[in-house]
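This report describes the fold and selected side-chain packing of one protein chain. Please keep the sequence and the model open while reading.

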Amino acid sequence: MANQMTIRTLMAASSILAFATSFAHAAEPDLHRTPVISVVGSEMSSRPVSLGVGKAVVIDLPRDAKDVLVADPTIANAVVRSARRAYMIGVKVGQTSIFFFDAEGRQIAGFDLAVKRDLNGIREAIRQAIPDSDIHVEALGAEGIVLRGVAANPADAQTAFEVASRLLGGGTAGMVSAGNKVVNAIVVKGRDQINLRVTVAEVQRDVIKQLGINLNGTVGVGSAVLRFNNDNPFPVHGSPLVPENFAAGTFTSGSGNRVNAILRAMERAGVIRTLAEPNLTAISGESANFLAGGEFPILAGYSCDAATGGVASCQPQIQFKKFGISLGFTPVVLGEGRVSLKVTTEVSELSNEGALQFGTGENARQIPSLKVRRADTTVEIPSGGALALAGLIHEQTKQQINGFPGLMQLPILGSLFKSRDYVNRQTELMILVTPYVVRAVAPKDLSRPDDGYADTSDPSSFFMGRLNKIYGIPGKVDPNRMYYGKYGFILD
């Protein structure tokens, strides 16, 4: 009995000692363990809120707030009116964070605040200007905005852009700079296509008259000899129309006096007619260009390499200048079949008048000049309506008389000592422009210039002089027939 009590006492003492040892180890601090840091509030748990400058947002909290943290009070501010209601107010453009905590330091709510420009005025102005549009205005950075949504036509999209640019710039003076801050991301619904039919018609009439007498000879008395030569330069036209017409006569005296007279007389009249009918199709708001003509080379300088053996090698640089009949237009459908049209047309041709001459001898070169008639205008016209650019009339008259001083003033006989060069040019240009709002068509509804074309047979070409035959012409009974007419024996 005594031994059992002793064993139990020892076991109890061992248990007490072990408990005391473990308690002592638990009470000692663990210097090797990393302390735990918990993030109570951050942007990850914040709710994004967009707010205008000078505007406020009212917040109802789920429980009582004890502490409020505003990251940058110069951008936004928070006012607590009660334990569960707070006001967030935008001060200036920028971004900041606001957190609300309870009495135990736990986060109640967090907001990632983006303070932007007040865009309600721009939204209302666009809504009034385009009532049926679905256009949204969003802030972009500190000063820019983005226009999004769908517009019925390009004119509505352009109107929204101009309204936003004007209000953002604060007036007409700031509209140009404000236009760079407006991003137009509006999608145009059902963009129309415009077919532009243009007729360019020009008639030019030239009349050139030249009349003159070339006199040359030798007159002398004794040892005194006078030689004279009076050739007509015809400087108005640049050269005589013909080398010479005929010699009026040669007068020779026994003393060796000789006078030659050559008559130069010519009149030329010409008419030039130019007609072009280009057709172009472009999407509303896009530009299209057309050129019927060519290009001629001009010298644009020299490109020289480094000297090789003391001599530098230079190569001429050539550029090409366009000429002919060109057309450029930019259509914008305004709705209800009306089209705003910017048209630029030009008719140009090569000319020797004003040409640039350089070089001498075999190396002489000439760069021709261009005669240009150009028209540039912007109009509003209905689909199918015609616009006539007329009144482009040009008339030029040049006349010059050259002769021997004094003698050319003599009545009747003065015609032998003078020449007359006369040029008259009359040009009239008319441009007819007709826009059409078009839709795509099926290929079967289109025709080509070579539809139905086929080469003729050798007998038909040789005996009848036919070069081609046409298939599928309405009203033709036998389109493959080579000869149409009577043939065989003729019986009375």
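Two residues are said to be in contact when they have heavy atoms within 4.5 Å of each other. In this predicted model, Thr74 touches Val91 and Lys92, leaving out residues up to four places away in sequence. Thr74 is located in the loop between β3 and β4 (76-82). The C-alpha atoms of Thr74 and Val91 are separated by 6.5 Å, and the two residues are 17 residues apart along the chain. Is Thr74 buried, partly exposed or exposed? Its relative accessibility is 43%, so Thr74 counts as partly exposed.

**Overall make-up**

The protein has five helices and 23 strands. Of its 492 residues, 28% are buried. Among contacts with a separation of 6 or more, 62% are between residues 24 or more positions apart.

**Strand pairing**

Strands β1, β7, β6 and β3 form an open sheet in the order β1-β7-β6-β3, with mixed pairing. Its edge strands, each pairing on one side only, are β1 (47-52) and β3 (67-70). From one strand to the next, the twist averages 25°.

| Strand pair | Bridges | Direction |
|---|---|---|
| β1 and β7 (residues 107-116) | Six bridges | parallel |
| β11 and β21 | 20 bridges | antiparallel |
| β20 and β21 | 15 bridges | antiparallel |

Individual partners can be located in the model. Leu51 has Val115 in β7 as its bridge partner. Asn195 is bridged to Tyr436 in β21, and His394 stands opposite Thr427 in β21. In a regular strand, side chains alternate between the two faces of the sheet.

**Nonpolar cores**

Which residues have the most contacts inside the largest nonpolar core? They are Leu196, Val198, Val200, Phe329, Ile431 and Val433, in a core of 20 residues. At least two residues of this core come from each of β11 (193-221), β15 (279-283), β17 (314-335), β18 (338-358), β19 (365-382), β20 (387-403) and β21 (418-438). Apart from this core lies another, of 18 residues, including Ile126, Val137, Ala160 and Ala164.

Setting aside neighbours within four places in sequence, Val433 is in contact with Leu196, Arg197, Val198, Leu341, Val343, Ile381, Gly385, Ala386 and Leu387. One of these contacts, Arg197, also has its charged end over the ring of Tyr436, 4.7 Å from the ring centre.

**Aromatic pairs**

How many aromatic pairs does a search of the whole structure find? There are four, and two of them are described here. The ring centres of Phe296 and Phe323 are 6.0 Å apart and the planes are at 55°, so this pair is tilted. Because Phe296 lies in strand β16 (residues 288-304) and Phe323 in strand β17, the pair ties together parts that are 27 residues apart in sequence. Phe296 has 8% relative accessibility and therefore counts as buried, the cut-off being under 20%.

The rings of Phe462 and Phe463 have centres 5.1 Å apart and planes at 90°, so the pair is edge-to-face. Both Phe462 and Phe463 are exposed, whereas Phe296 is buried.

Key. Residues numbered from 1 in each chain as written. Predicted model: local features only at pLDDT ≥ 70, side-chain atom pairs only at ≥ 80, totals over all residues. Heavy atoms only, no water. Core = buried A, V, L, I, M, F, W, Y, C linked by side-chain atoms within 4.5 Å. Buried < 20%, exposed > 50% of the residue type's maximum accessible area, 1.4 Å probe, protein only. Helix = DSSP H or I, 4+ residues; strand = E, 2+ residues; numbered from the N terminus. Pairing = 2+ DSSP bridges. Axes fitted to C-alpha atoms, helices over the stretch in contact; angles between N-to-C directions. Phe/Tyr/Trp six-rings, centres within 6.5 Å; stacked < 30°, edge-to-face > 60°. Lys NZ or Arg CZ within 6 Å of the ring centre and 35° of its normal.
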